[in-house]
Each structure stands twice: as C-alpha cells, then as structure tokens.
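Here is a short report on the backbone and the ligand site. Have the sequence and the model open as you read.

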Amino acid sequence: MDLGIDGKVALVTAASRGLGRGTAAALAAEGCRVAICARDPERLAATADELPGEPLVLPEDVTEPSAPRRLVDATVERFGGLDILVANAGGPPRARALEVTDDGMMDAVNANMLASIRLVQASLPHLRSAGWGRIVLITSQAVKQPIPDLAYSNAARTGLWAWAKTAAGDLIDDGITLNLLCPGLHATDRVAELGHRGRLGDPEDFGRVAAFLCSVHVGFLSGAAIQIDGAGTLGLL
Ligand code: NAP
C-alpha cells in the first residue's frame with residue numbers, strides 16, 4: 001500500500017534508537033524527508049547514515065523547554081515546511097506509586113507530557129499552513145493499563161492522553177490528526193535495561209504502524225490511543 005507521504009517532511013524526536021528509530025526508518029522508507037533528534041550526536045549521526053535519504057541530524061535534549069521550537073525551526077529551515085510530527089522521549093525510571101518524589105514526578109511530567117505538548121504547539125503553525133498534518137505521540141501501554149512499578153510513566157502519560165484527546169478535537173477541522181501509540185514490550189535498549197523477559201515486539205514493525213497513522217488514507221482516525229502490545233493489555237477499552 002502506498003501511504004501517499006512521499007516527499008512529506010517529518011520530525012521524529014528521540015530517534016537514534018528503539019521505537020523512535022524504527023519510526024524514522026519507516027517514514028524515510030516511504031519517501032519522507034526526515035529530521036531526527038537525540039542527545040548523543042555520534043549515535044544520532046550513525047543512525048542517520050543507516051536510514052534512507054539524507055535525514056537531518058538534530059542533537060538536542062527534547063526535555064529542555066526551548067528544544068521543541070529549535071527542532072521545528074531547524075526542520076522547516078532545511079526542508080521548507082513540516083507535515084508530520086512524531087513526538088517521543090526517553091522513559092522515566094522505575095518507581096512504585098508510594099515511592100515517587102516531587103522531583104521525580106516533575107521530571108516525568110516534563111519529559112513524558114510537557115515535551116510532547118511543546119512539540120505539538122511548535123509544529124502547529126506549519127501543519128496548519130500546509131492544511132494537512134499528522135501527529136503521533138509515542139507513549140506506553142500504561143495509558144491503557146497502569147504498570148505497578150512504573151508509577152512516573154503511568155501518571156505523566158495518562159495526563160498527556162487526557163490533553164491529547166481534546167487537542168485532537170480542536171485540530172480535526174484543520175486536516176490534522178493526532179493519535180497516541182501505546183507500545184507494549186518491544187526489543188529496545190530501554191527494555192533490556194529494565195530487564196524485561198518474554199515475547200517482544202519489533203521496533204521496525206512499530207515504526208510501520210506509526211507510518212500508517214501518518215498516511216494520507218487515515219484522515220478520520222484521530223483522538224485514538226492505539227496499543228501495539230501483542231495482545232498484552234487486558235483492558236477492554
Ligand atoms: P530506547 O531504546 O532507550 O531509545 C531511546 C531513544 O530516545 C534514543 O535514541 C535516545 O538517544 C533518545 N532519547 C532519550 N532521551 C532523550 C532526550 N531527553 N532527548 C532526546 N532524545 C532522547 O527507548 P525505547 O524503548 O525506544 O522507548 C521510547 C519511548 O517509548 C520511551 O518513552 C519508553 O518509555 C516508551 N516505551 C517503550 C516500550 C518498549 O517496549 N520499548 C514500552 C512502553 C513504552 P539519546 O540517549 O542519545 O538521547
């Protein structure tokens with residue numbers, strides 16, 4: 001299936017490894033002109049070398065409040081516009097609900113809620129001027145089913161989901177869709193670090209689902225939180 005996004009401009013944050021990298025690879029394979037960000041410039045450059053096309057390499061910490069605007073401005077300066085935003089950031093550390101600290105919660109909200117909101121806000125003028133746009137926020141299956149030892153993630157990401165639900169409604173008349181992807185366990189460095197075992201998803205498969213959500217064919221699929229979890233989430237909604 002031709003996704004119809006050949007030549008579109010996509011910004012994918014936190015994309016030198018894992019799910020962000022898989023998404024950038026899928027969009028680049030569809031012919032998108034892709035900008036990718038991560039903190040480690042060498043690893044980011046190595047990832048860019050492996051992707052199709054000539055990705056724009058933007059070494060940034062996406063959790064810095066001023067980074068989203070710099071990322072969007074640099075992407076627009078290089079490619080002349082912006083059509084697709086895939087917002088991603090690293091995940092917070094483990095903690096059970098009663099162990100959380102103020103500082104830890106503030107960090108999680110900043111990284112896993114506010115950074116995505118800032119990226120959307122910085123991108124919107126360009127998507128609106130294009131009269132078309134696709135926004136995908138990478139979150140977690142925790143949005144559907146809280147994970148007992150990832151309390152920071154549970155709290156920050158469900159806050160983002162509540163925000164995104166109404167943001168999507170405010171954007172649909174502009175031809176812009178906004179959806180969450182909610183990964184279950186995938187074979188990435190983060191999952192290896194967290195010590196998870198068992199059946200794992202392929203980050204490249206995840207990326208292809210993200211690219212599908214960015215296609216020209218799914219203009220009425222918006223305001224959804226879609227789990228990609230190999231049937232791992234038991235909630236019915
Ligand atoms: P990963 O394998 O650890 O990769 C994280 C990527 O993000 C790297 O490219 C990293 O590069 C970049 N990154 C991290 N923090 C960043 C920051 N502050 N600014 C810019 N780039 C940053 O992680 P992943 O498994 O793909 O997970 C991605 C997201 O999905 C995380 O929020 C994670 O919690 C969530 N998630 C993952 C799974 C899973 O099974 N993999 C499941 C549920 C939720 P640098 O280190 O160089 O910055």
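## Backbone and ligand site

Ala-14 lies in the loop between β1 (9-12) and α1 (18-29). Helices (H or I, at least four residues) and strands (E, at least two) are DSSP runs, numbered from the N terminus. The model is predicted: local features need pLDDT of at least 70, side-chain atom pairs count only at pLDDT 80 or more, and totals for chains, interfaces and linings use all residues. Residues are numbered from 1 along each chain as its sequence is written, and side-chain values use heavy atoms, without hydrogens and water.

Phi of Ala-14 is positive, near 50°, though the residue is not a glycine. Ala-231 also is no glycine and has a positive phi of about 65°. Ala-231 sits in the segment after β7 (225-228).

Helix α4 covers residues 102-130. A kink of about 40° lies at Leu-124, shortly before Pro-125. The bend is the angle between axes fitted to the seven residues ending there and the seven starting there. Just after α4, Gly-131 has a positive phi of about 70°.

Now the ligand. The table gives polar contacts, pairs of N or O atoms within 3.5 Å.

| Backbone N or O of | Ligand atom | Distance |
|---|---|---|
| Ala-14 | oxygen | 3.5 Å |
| Gly-90 | nitrogen | 3.5 Å |
| Asp-189 | oxygen | 3.4 Å |

Taken alone, the ligand exposes 880 Å², and the protein buries 93% of that (Shrake-Rupley method, 1.4 Å probe).

Technical notes
The expected span of a helix is 1.5 Å times one less than its number of residues. A polar contact is a pair of N or O atoms within 3.5 Å; within protein, one must be able to donate a hydrogen and the other to accept it, and residues adjacent in sequence count only if both atoms are side-chain atoms.
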